[in-house]
Amino acid sequence: MMALVPTSNSNNNGNPRAEKVCDMLQEIRDEFRTLKTFISKQQHDKHSDINNLSEMLTRAEHTVKERTDDVLNMLNGNTVATLSFNQVHGAQQKFQNGSMFDQYQHNGGGLAQGRQHNNSAVTAIHQKYNENIPIISIGAQQQRLAPPGVVARQQYQTKIIRNPFNKRNRQVLHDNYGIQLPVIEKQQQQQRTPISRNVMSGKTTEPAGILPYKTRRNPIDYPVPLTSDDAKRGIISLVERGIIPQGANITLDPPAIQPKRSSLNDPTSRARTFIREETNASIYHLTPGTGQQLAITDKSTSHPSIREHISNRSLTDPSEHDANFIASSSKFHPSTITESRKSSAGRQQKNNLMTTSTNNMNGLVARTVSTPASNVDYKKQPRLIIQNGLTKDQTEDFLKFRQLYCLMWGNIVTVFRMLEKIMYDYAIPVAFINGDRVIELAQTIELEHKPTLDELLSAVTNRVEVEELVKQIGRQFIGSGGKERAAIAIQSFWRCFRDRRAYIRLRKRKWAAGVIALSWLMAVKLSKARQQLKIIRHRQLELFRTKQNELKQRWSTISTHRRVIVHIPSLGLPQRIRNKLHNLPIRENYQIGRLCELDDPNVDIIYVSPMPVNEEFLQYYNKLINLRSTIQQNGELAPAITPDHARDRYMIVVPEALHSFPAHNMCLATLLKYSPKALKRIKNLIKGREAYIVTGVTHIDDLYVSDFLNIPILGCEPEVAHLYSTKSGSKRLFEISKVPMPFSEHDLCNQQQFLEALAQLIVEHLDIQRWLFKIDDDFDGLGIAYCDVVSHLPCYKNVLKEAARFGDKWSNRWAQEHSYAKVLSELPHVLEKHTICVNKTQYNNWQTYSRVLYAQGGIIEAYPPSDSVTSMTVCLSIEPNGHHSIICSGDHLHAESQFSCWGLSFPQSSVEPNDLNMYCSQIAEQCKLRNVYGYIDIDFVTFIDAKTDKQHLWAVDLSIGHCENR
């Protein structure tokens with residue numbers, strides 16, 4: 001490159017315009033040098049083009065150098081001295097040895113500018129590559145001023161020159177400096193342009209998510225939400241991703257193709273057009289007898305009079321000469337359609353056809369020349385005939401039809417074969433065929449569709465007559481070979497019937513074998529499940545007995561120290577009874593009064609609630625628990641517990657499975673069994689502390705809860721509790737305890753036994769007016785019915801006379817036999833008409849009640865012979881160490897009837913306490929002998945006998961388990 005350096009004799013005040021011009025020219029020369037260097041590096045690609053371009057750039061550089069000198073001389077008015085090559089080379093070597101140039105080369109190139117002169121002269125050095133740099137010395141500059149317009153124009157042109165990509169760059173250089181830059185082709189520029197290293201390869205869009213296969217196959221799953229980006233991708237993207245099912249019926253609104261009304265020409269104004277003669281037209285003739293289907297002849301061979309007749313567009317009949325030519329040109333070779341079944345009659349018709357074709361010349365005018373254009377005008381319906389199962393293939397209409405549809409003749413022949421077979425099999429004399437319908441059937445055959453019988457008959461013009469013959473029974477066996485076809489049909493039908501019967505028998509046996517195998521597998525699995533349940537329950541029962549023995553041994557220690565009582569107020573009644581109780585959780589929650597055991601400061605309570613607990617509920621029982629301490633404070637007695645301390649000593653746990661089985665009406669123990677979170681919480685609360693469980697009516701699932709929590713149950717085994725809680729079980733226990741009880745019979749399980757027992761009781765106790773019937777396992781008086789037998793028994797007066805006649809001997813069975821037989825015969829009718837059920841919602845008549853009574857078992861019990869009867873309940877507690885105590889006793893408050901208890905009034909005031917305590921002690925002793933521990937309820941009735949005026953006390957019922965009355 002070149003550097004412009006002012007001479008040493010220049011003035012101190014340099015010309016700024018000269019400096020700008022020098023800078024501009026220097027940059028132009030630098031750009032030339034850069035372009036030349038780049039081209040020299042590419043010489044190994046294309047030698048010839050690059051050499052030419054290099055020469056052009058060298059000449060342009062030399063021209064710029066000369067014009068630079070001229071411009072400087074013109075601006076400065078001084079003589080420019082150009083250094084010789086040796087001087088320039090020496091100056092360059094001297095300059096290159098300096099440290100400044102080394103630093104510039106190390107930094108990758110730059111622009112070194114400086115001023116070297118004694119009188120502050122300006123020196124500018126521009127260098128980008130290590131090339132030879134000519135140095136030009138410039139003499140003293142004179143101060144010259146240029147007009148503002150010239151300066152602005154020069155600055156604008158300088159910007160254009162500095163930008164080699166500007167469109168005016170070449171023109172400005174040529175106008176101002178006479179430099180003509182070479183023209184570089186676009187294609188070469190594109191080839192030489194290096195590929196940018198900043199180009200990023202890869203995907204430009206994010207992959208769309210595909211709906212999982214399980215979600216696509218689930219019809220009840222929630223729909224996938226769509227975003228605007230999903231909608232922009234289009235319907236095809238949604239279908240491919242599985243969001244829209246593939247079989248969905250997609251309707252576009254508005255539709256992609258809009259209907260539009262089209263204009264039709266008026267058929268009345270349509271003019272008849274004819275085919276004009278063309279020089280290159282050809283005539284097509286069918287040659288079905290040979291292998292070629294079409295024979296092409298030049299139109300020039302046709303008769304000139306026919307061409308003239310057509311070209312003149314005249315519709316008159318042709319002359320006799322023209323008709324003879326048409327007849328001679330319309331002869332065809334025999335067709336191959338009748339090669340299969342040709343008769344002598346068919347060959348005679350073919351010969352007659354050749355003679356009649358020359359006589360009927362007027363009918364051939366429409367097909368004078370058999371070209372495709374003339375076939376378009378053929379609109380006459382062809383008359384196609386199938387006679388005696390053979391097609392008339394030599395008639396004039398058939399030949400026209402074959403020539404018209406020669407391109408699809410193979411499918412048409414297939415349709416005719418089917419029609420011929422039908423006509424031949426059913427012995428149809430003659431059938432006229434519709435050619436258009438045959439074409440439609442041929443098109444369906446081309447689509448691999450086999451026409452049905454109805455579709456084939458639709459091609460017959462005289463379908464009504466043909467269909468009547470086809471529908472005649474046995475018509476297909478009339479023609480030739482009918483006997484053979486009939487024999488084949490009979491054999492095929494018989495084989496079908498035989499094989500189908502065998503198949504149905506095999507299918508039934510296979511189905512039966514499957515049912516038997518499935519039933520056997522289910523039975524085996526159920527048997528294994530029962531065995532596993534038996535093993536599990538046996539293990540739980542053994543664990544229960546072990547825990548009970550430990551509880552008996554350590555009860556004295558546990559009852560006097562700090563302990564935790566887990567109250568599970570479950571009513572483990574039979575499933576039949578629980579299904580009838582619509583308010584089972586409410587009945588179970590009646591026992592929430594167990595929280596009052598917090599009166600003992602050594603007791604902490606965990607209460608398992610059968611229903612959700614709200615804040616009002618908790619506030620009520622907090623006040624109830626603190627009520628005693630408030631009373632003691634008012635009475636100036638030291639309270640046993642403080643309110644805050646009592647509130648911290650109880651915890652209410654609600655099982656999470658309360659609402660999981662709404663249709664099964666499960667007891668609380670079963671719900672707690674299926675509530676693992678509640679069980680784990682209780683286990684954490686009792687960890688490391690003395691604890692035991694107090695249940696309601698013991699259930700088998702209480703053993704599972706005890707096993708899981710690893711704590712004993714204060715009670716007896718579920719089977720023992722259920723046995724002695726029934727009406728018959730309590731009667732047996734009362735008999736052994738030798739406590740007074742009503743006249744009764746228990747363990748009645750069938751009608752004969754029931755009627756005989758009732759008749760015997762009536763005969764023995766004639767003073768009892770009403771008899772009670774109770775179902776063994778019913779609850780809360782729901783299974784009680786009664787009947788006033790004496791007032792409705794017809795033979796009652798006769799029985800009284802018999803009893804008076806025998807006197808003291810009436811207690812003997814032989815004296816009661818006659819009366820017993822009469823009462824037994826009249827009892828069914830009396831019970832049917834006059835029995836009243838207490839629970840009328842479940843038992844509305846004697847038949848319904850007696851059916852359950854005989855199935856579940858029951859008792860007959862005498863109602864006290866008095867108008868004033870008082871019922872009471874005594875609650876006992878039998879501890880594991882054998883000590884028993886009466887917790888409470890109260891008289892019943894009756895609700896709907898005298899057999900249902902609404903509540904108790906404490907304390908009882910109907911019976912002497914000594915008698916009551918004695919009877920309760922006798923019952924408790926018998927319970928201890930049978931390992932019955934825990935809480936027991938005993939129901940008594942008391943009345944005054946009208947004959948003796950003495951008060952009697954009867955034990956009527958016993959219930960093992962914690963009740964709501966405590």
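Student: Which strand holds A785?
Tutor: Happy to start there, keeping in mind that this is a predicted model. The strand in question spans residues 784-787, and A785 sits in that stretch. Its label is β17.

Student: Is A785 buried or exposed?
Tutor: A residue counts as buried when its relative accessible area is under 20%. A785 has a relative accessibility of 0%, so A785 is buried.

Student: Which residues is A785 in contact with, leaving aside its neighbours within four places in sequence?
Tutor: Contact here asks for heavy atoms within 4.5 Å. With the neighbours within four places set aside, the partners of A785 are W771, L772, F773, T835, I836, C837 and Y849.

Student: How many disulfides does the structure hold?
Tutor: A disulfide is a covalent bond between the sulfur atoms of two cysteines. To count as one, a pair of cysteine sulfur atoms has to lie within 2.5 Å. For this structure, the number of disulfides is zero.

Student: Why is the sulfur of C875 too far from the closest cysteine sulfur for a bond?
Tutor: The closest cysteine sulfur to that of C875 belongs to C888. The cut-off for a disulfide is 2.5 Å, so this pair is too far apart for a bond, with the sulfurs separated by 3.4 Å.

Student: What share of the residues in the protein chain is buried?
Tutor: C875, at 0% relative accessibility, is one of the buried residues, and C795, at 2%, is also buried. The protein chain has 966 residues, and the buried share of them is 37%.

Definitions and conventions. Residues are numbered from 1 along each chain as its sequence is written. This is a predicted model: local features need pLDDT of at least 70, side-chain atom pairs count only at pLDDT 80 or more; totals for chains, interfaces and linings use all residues. Side-chain values use heavy atoms; hydrogens and water are left out. Buried means under 20% relative accessible area, exposed over 50%, partly exposed in between (1.4 Å probe, protein chains only). Helices (H or I, at least four residues) and strands (E, at least two) are DSSP runs, numbered from the N terminus.
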